[in-house]
Structure formats: structure tokens, C-alpha cells
Amino acid sequence: MAEEFYCMKCRKKVNVENFEKKILKTKTGERAQLVGICPVCGGKVFKFTKA
Ligand SMILES: [Zn+2]
């Protein structure tokens, strides 16, 4: 299922079908981040999500 990301390069929202979840460890705990590739410019897009 596609997820909506905000692309910094395009400066707009894009729908990404291939993305992966990464777990970041911070001082306050773990945060989950979705990382994908913008279908428009090929740049990296990411956003935080629930773990
Ligand atoms: Zn883009």
C-alpha cells in the first residue's frame, strides 16, 4: 500500500509504494521512521510513524 510522504526536493506530497520502516533509538526511547524513494525526483523521503 502506498504511503504519502513529503518530498523536500519537490516540496510537495508524493505517494511512495516502496518504503521501509527503520527504528531509531533516541534518548527518550525508540521511534519508527518510514523511509522511501520519491517517484518524481528519486530523492529520499521519510517521515515518523508509530512504532
Ligand atoms: Zn521528490
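The following dialogue explains how to read several features of this predicted model.

User: What should I know about the model and its numbering?

Analyst: The model is predicted, so local features need pLDDT of at least 70, side-chain atom pairs count only at pLDDT 80 or more, and totals for chains, interfaces and linings use all residues. Residues are numbered from 1 along each chain as its sequence is written, and side-chain values use heavy atoms, with hydrogens and water left out.

User: Which strands form the open sheet, and in what order?

Analyst: Strands are DSSP runs of E with at least two residues, numbered from the N terminus; two of them pair if DSSP finds at least two bridges between them. Here the open sheet of three strands has the order β3-β4-β5, with antiparallel pairing. Its edge strands are β3 (19-26) and β5 (44-49), each pairing on one side only. Between β4 (residues 29-37) and β5 there are six bridges, and A32 has T49 in β5 as its bridge partner.

User: Which residues make up the largest nonpolar core?

Analyst: A nonpolar core is a set of buried Ala, Val, Leu, Ile, Met, Phe, Trp, Tyr and Cys residues joined through side-chain atoms within 4.5 Å; buried means under 20% relative accessible area, exposed over 50%, and partly exposed in between (1.4 Å probe, protein chains only). In this structure the largest such core has seven residues: F5, C7, V14, V16, L34, C38 and V45. Strands β1 (3-7) and β2 (12-16) each supply at least two residues of this core.

User: Is C10 buried or partly exposed, and why?

Analyst: C10 counts as partly exposed because its relative accessibility is 24%.

Technical notes:
Helices (H or I, at least four residues) and strands (E, at least two) are DSSP runs, numbered from the N terminus.
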